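Hi everyone, thanks for coming. Please have a look at the sequence and the structure as they come up, and then we'll walk through them together.

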Amino acid sequence: MAISQGRTIAFDVLLRVAKQNAYADDVLRAELDDKVKSEDAGLATELTLGVLRWQRLLDFVIDRYLKKAADVGDAEVRIALRMGMYQILFLDRVPAHAAVHESVELVKRARKRSAANLVNAILRKAAKDPLVGNSPTDQAAEKAAQALLPVRVSQTSGHGVAINPQNRTGKSACATESTFSAICDAVAQLLPAEMPLAERMGIQYSHPTWMVERWIRTFGEEKTRGLLQANNRVPVLSGYLLDAQRSDEAKASLSKAGCSVQQGRLLRDAWILQGGNPSASEAVRHGWVVIQDEASQAVARLVAGDPGNSVLDLCAAPGGKTLLLSRAVGSNGHIVAADLHANRVRAMKERFEQAGVRNVQTVVLDGAGTFPSTRPFDRAFERILVDVPCSGTGTLARHPEIRWKLRADDLRDLHLRQTGLLRNALRHLAPGGRLVYSTCSLEAEENELVVREVLGELGGEFHVVSPRGAIEGFLQESVGVESVVGDDGFFRTFPPEQATDGFFAAVIEGRKANA
């Protein structure tokens with residue numbers, strides 16, 4: 001029996017993540033072309049992101065059946081075991097025999113035939129374990145599994161692979177919350193009582209111990225547990241309407257693609273997109289609707305661009321925030337969208353042209369270096385957005401491999417680059433102008449410590465202002481402004497509380513010219 005295409009794609013993507021340091025959504029986007037059936041695309045995505053989210057827990061369970069963990073030295077063998085174990089543990093609609101058989105075949109396909117018996121033995125034992133032993137084994141269940149796995153996988157420019165966790169019937173296509181809880185609780189019972197809390201939670205909720213330790217110090221045990229759980233859920237898919245005149249047309253287009261639209265949870269103008277394949281819709285392909293997390297949308301709105309403003313979007317790619325800024329400043333405004341990487345700038349330019357945006361100029365620029373003195377940098381900007389490259393710890397549900405790539409020492413290096421970007425940007429802010437510094441990180445080293453260090457160096461020339469006035473107008477009425485703006489004046493979202501990515505933003509203003 002041939003291996004399903006969904007499983008081969010997932011295996012190849014996971015292997016590239018492990019061996020080439022690739023990012024899963026980039027590779028999935030390249031692999032999931034129009035020739036891949038929707039059910040195979042859904043299975044590939046579910047397996048890829050599910051295995052990455054639960055990697056540490058999967059390894060813990062796998063290693064229970066090994067004489068020693070070193071018995072699995074090849075990445076190909078470990079990945080096949082993880083994929084099989086994920087299906088047995090979490091996808092109760094996938095029959096155990098299919099998970100076992102195809103994992104063995106994947107090892108053979110990877111030219112690791114000597115490990116086939118090991119993979120077969122481990123997964124067969126796991127399927128009989130009381131921890132997991134509820135998987136169906138008949139062919140009818142296999143067909144049901146294919147029908148109920150995520151059947152639509154959308155590819156969005158700059159946002160990787162966007163999954164809707166509902167199938168054609170609207171039922172949940174992924175493991176349920178109760179399944180997650182039951183497995184986490186069962187694994188917790190297997191851990192030694194004397195194991196330190198951070199290590200215990202790291203295994204139970206599949207995060208590195210050093211990261212859990214940091215978060216317990218910062219947020220406390222209860223909030224950290226909620227964060228770890230949120231990071232293992234399929235994230236909400238949200239977006240916004242760029243062209244208000246096409247509202248009815250956009251909704252009809254999304255409906256045709258099997259996608260329903262609901263109001264955003266955080267922002268009044270945001271849309272939550274459920275079911276179907278929104279990226280295949282005319283609305284998304286032509287740029288009437290932009291897929292973007294609600295917290296990310298909020299950051300762009302904090303810039304508070306007025307009609308006719310000149311705006312610098314310093315680290316602009318992939319351009320989702322730039323499009324919101326473009327709408328705010330109107331046809332008389334002008335935006336410079338800069339990014340370090342030429343290929344990303346080209347992709348942005350194509351995106352803006354497709355959306356019919358004419359007030360954005362794209363530029364290749366190292367924002368941490370010296371700006372050129374020629375146009376468009378020969379004058380100051382009234383508004384600046386500095387959405388810096390960061391660790392991405394606020395996006396681990398969407399980009400689960402980050403938790404395994406990131407190291408504690410990386411935060412120091414990121415801090416140095418981020419302070420350089422903010423210093424440079426402030427030099428180009430017009431008197432009385434507004435700058436928003438933002439990250440999708442939960443770490444103080446990348447957030448408030450960057451802002452305080454740079455503003456401290458500048459001796460009162462710039463100051464942080466509360467974003468309350470800017471944000472109250474676009475939050476949902478049910479969302480209190482105090483839930484996202486702290487006493488310190490910074491904007492923050494926290495995944496388990498807002499059901500968005502975790503973002504930080506500081507609104508900074510300079511002295512007016514006559515001050």
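Thr439 stands opposite Phe504, a residue of strand β14. When I say strand or helix, I mean a DSSP run, numbered from the N terminus: helices are H or I with at least four residues, strands are E with at least two. Before we go on, please remember that this is a predicted model: local features need pLDDT of at least 70, side-chain atom pairs count only at pLDDT 80 or more, and totals for chains, interfaces and linings use all residues. Residues are numbered from 1 along each chain as its sequence is written, and side-chain values use heavy atoms, leaving out hydrogens and water.

Back to the strands. Two strands pair if DSSP finds at least two bridges between them. How many bridges join β11 to β14? There are six, and the two strands run antiparallel. Within that pairing, Arg434 has Glu509 of β14 as its bridge partner.

β14, residues 504-510, has other partners too. Strand β12 (residues 462-465) pairs with β14 in the antiparallel sense over four bridges, and here Val464 stands opposite Ile508. Strand β13 (residues 491-492) is joined to β14 by two bridges, again antiparallel, with Phe491 opposite Ala505.

Now step over to β11. Does it run parallel or antiparallel with strand β10 (residues 381-387)? Parallel, over six bridges, and Leu385 stands opposite Val436 in β11.

In β14, six of the seven residues are buried. In β11, nine of the eleven are buried.

Next, the nonpolar cores. A nonpolar core here is a set of buried Ala, Val, Leu, Ile, Met, Phe, Trp, Tyr and Cys residues joined through side-chain atoms within 4.5 Å. As background, nonpolar side chains tend to be buried together in soluble globular proteins. Which residues touch the most other members of the largest core? Met83, Met85 and Phe90 do, in a core of 72 residues. The largest share of this core, ten residues, comes from helix α5, residues 75-90. A second, separate core has 42 residues, including Val299, Val329, Val481 and Ala505.

Let's zoom in on Met83. Counting contact as heavy atoms within 4.5 Å, and leaving out residues up to four places away in sequence, Met83 touches Arg7, Ala10, Phe11, Leu14, Leu47, Val51, Ser103 and Leu106.

Now for charges. Side chains of opposite charge can pair when their charged atoms come close. I call it a salt bridge if a side-chain nitrogen of Lys or Arg is within 4 Å of a carboxyl oxygen of Asp or Glu. The structure holds 27 of them.

One example is Glu443 with Arg214, at 2.9 Å from N to O. This pair links distant parts of the chain: Glu443 is in the loop between β11 (429-439) and α20 (448-457), Arg214 is in helix α11 (residues 209-219), and they are 229 residues apart. Is Glu443 buried or exposed? Glu443 counts as buried because its relative accessibility is 4%. Arg214, at 15%, counts as buried too.

Arg214 also forms a salt bridge with Glu445, where the closest N and O atoms are 2.8 Å apart. Those two residues are 231 apart in the chain. Glu445 has 23% relative accessibility, so Glu445 counts as partly exposed.

Some charged residues form a network: Asp59, Asp63, Arg78 and Arg82 are linked by salt bridges.

Finally, the rings. Rings of Phe, Tyr and Trp (its six-membered ring) pair if their centres lie within 6.5 Å; planes under 30 degrees apart count as stacked, over 60 as edge-to-face and the rest as tilted. The count comes to eight aromatic pairs.

Lys405 lies over the face of Tyr23, at 4.7 Å from the ring centre, and Arg301 lies over the face of Phe474 at 5.6 Å.

Methods. Buried < 20%, exposed > 50% of the residue type's maximum accessible area, 1.4 Å probe, protein only. Lys NZ or Arg CZ within 6 Å of the ring centre and 35° of its normal.
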